[in-house]
Structures are given as structure tokens and as C-alpha cells.
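Hello,

Here is the structure I promised to hand over. Please open it beside this message; my notes follow.

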Amino acid sequence: MSIKLYCFGESGNSYKAALTLELSGLEWEPVFVDFFNGEGRSPEFREINSMGEVPVMVDGELTLSQSGAIQDYVSTKSSKLGPHSANERREIMRWILWDNHKLSSMAGMTRFLMNFLPEDKRPAEVITFNQGRLKAAYTILNNELADKNWLVGSRLTTADIACCGYLFYPEPFGFDRSDWPHIDAWLTRISDTPGWKAPYDLMPGSPADRA
Ligand SMILES: N[C@@H](CCC(=O)N[C@@H](CS)C(=O)NCC(=O)O)C(=O)O
């Protein structure tokens, strides 16, 4: 039976889980969640995930939310992107936790405020503050990648897939690849990986659908 992933195209957190599934070689299918029409807040969806968030993965009897937990499950199940040792798994977890706290949460929020809220409701001060926090995160990532190809070890892992989650989206949120040469080269390495797909090619739903 194929793994199901509740998701929508605009969701960078879902993209991390979807790309991990896609590159794992496991059979999976997306289940569209109509986030922009409030489906995430519906009682039916809260039955699936009491946290009210996507992504949610269902594999047989197992239902799992949190992109990092899904990535850990999928990479371990398929062994394709999985850790080779306990040390490597911890190292991958460090980057996933850092990403979820410092990079993806800020990038996701800032992109939402700048693109998906009505123009007259976009809070300029909050956006500027978030962009300052994001600049600090880009600096850390760019420095880390100055002398290595991948965040952990010598191949693509879920650490890379977590941290790149929002950086492949086309909507502006203050991230310009050309400002960050080591991130830029790393993103190219990721997108050159056989089987890689851009967010709107991997999951249902996009701003174009709602235009
Ligand atoms: N740390 C979570 C974050 C998930 C998350 O915030 N998802 C967003 C969509 S990208 C969401 O469903 N938000 C609904 C809400 O905050 O109410 C993860 O990595 O899965």
C-alpha cells in the first residue's frame, strides 16, 4: 500500500517530507489539504493531526506529523537517504531541529506575510524583524557550506532536504540565491540530484490555482 502524505504545494514543511519520499524510492501519493480554505482547522483534519499542521504521513497503521519525524521515518525505512550510524543520525537531527526553529519557521512565516496575506494586512515591522533573523540563519548555512558539499557526511541526507525546504520557492521573502554563493552551489547540487522536483511539481495546489 502506498504511503499517503497530507500536504499542499505552498507548504515548505510538506515539501521536505514530499521530497524525502520522492528521493527515497518508496511508493507514495499526496493528499491535498485545502489550507487556504481552512481545511487545516476543520474537526475532520484535527482527527488526523491534533496539531492542525501539514505535513501528515500515513503508512498503514502509522500516522505521523512533523516533517523531521517523517523524514527520519522515511529515510530509515528506505535506507536510501538514511543515517549510516548513530552519530550521523544525531548530526542530521541537529540540522533538522535547527532548520525547523531558525530557518523554516521564519522563512515560512515571512513568505506567508509577504505573499499570501492581503496587501493591506502585511505587517512591515514584523517582516523586517523576521528578515533580520533569516539573514543570521543564511549566514550560518552559507558558512557551513563553504568547505563541504553536504551538511552531513559526503552525500545528500535529510539534513539537506530539511534546510532547503523553503529556498526553492519562487515567491519573494528576502532570500536571493546570488547573495549566498555557498548556499547557491548547494541548492544546485540538490536540484541536480536524479529524481529531484520543485515544490509545485511535487505536490498539489499552488498560487496559480488560486489566482
Ligand atoms: N514543525 C512543523 C511545522 C508544520 C507547519 O507549520 N505547517 C504549516 C504549513 S507549512 C501549517 O500547517 N500551519 C498551520 C497552522 O500553523 O495553523 C513541521 O516541520 O512539520
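In helix 3 (67–78), the buried residues are Ser67, Gly68, Ile70, Gln71, Asp72, Val74 and Ser75. Buried means 20 or more other C-beta atoms within 10 Å of a residue's own; exposed means 12 or fewer; partly exposed is in between; C-beta atoms are placed from the backbone. Helices (H or I, at least four residues) and strands (E, at least two) are DSSP runs, numbered from the N terminus.

Two points on the source. This is a predicted model, where local features need pLDDT of at least 70 and side-chain atom pairs count only at pLDDT 80 or more, while totals for chains, interfaces and linings use all residues. Residues are numbered from 1 along each chain as its sequence is written.

Back to helix 3. The partners of its buried residues are helix 1, strand 3 (56–59), strand 4 (62–65), helix 4 and helix 6 (158–163). Contact here means that two C-beta atoms, placed from the backbone, lie within 7 Å. Helix 3 has 12 residues and spans 16 Å from first C-alpha to last. That is close to the 16 Å expected at 1.5 Å a residue; the expected span is 1.5 Å times one less than the number of residues.

How do helix 1 and helix 3 pack? Their angle is about 5°, and their axes are 9 Å apart. Axes are lines fitted to C-alpha atoms, for helices over the stretch in contact; angles run from 0 to 180 degrees between N-to-C directions. Helix 1 and helix 3 are therefore roughly parallel. The classes are: under 35 degrees roughly parallel, over 145 roughly antiparallel, 65 to 115 roughly perpendicular, the rest oblique. Helix 1 contributes Asn13, Lys16, Ala17, Thr20, Leu21 and Ser24 to the contact. Helix 3 contributes Ser67, Ile70, Gln71, Val74, Ser75 and Ser78. These residues divide into 4 nonpolar, 7 polar and 1 charged. Nonpolar covers Ala, Val, Leu, Ile, Met, Phe, Trp, Tyr, Cys and Pro; charged covers Asp, Glu, Lys and Arg; the others, Gly among them, are polar.

Next, the ligand. It has 13 residues around it, and the closest are Ser11, Asn13, Glu53, Val54 and Ser67. Near means a C-beta atom, placed from the backbone, within 6 Å. Helix 1 (12–24), helix 3 and helix 4 (86–116) each give two or more residues to this shell. The shell divides into 2 nonpolar, 10 polar and 1 charged.

Now the backbone. Most residues other than glycine have a negative phi, and most peptide bonds are trans. Val54 and Pro55 are joined by a cis peptide bond, with omega about 5°. Pro55 sits in the loop between helix 2 (43–48) and strand 3. Gln66 has a positive phi, near 75°, and lies in the loop between strand 4 and helix 3. Gln66 counts as partly exposed because it has 19 C-beta neighbours inside 10 Å. Ser79 follows helix 3, and its phi is positive, near 65°. With 11 such neighbours inside 10 Å, Ser79 counts as exposed.

Finally, Phe32 in strand 2 (residues 28–32). Phe32 has 15 C-beta neighbours inside 10 Å, so it counts as partly exposed. Leaving aside neighbours within four places in sequence, Phe32 is in contact with Phe8, Pro204 and Gly205.

Regards
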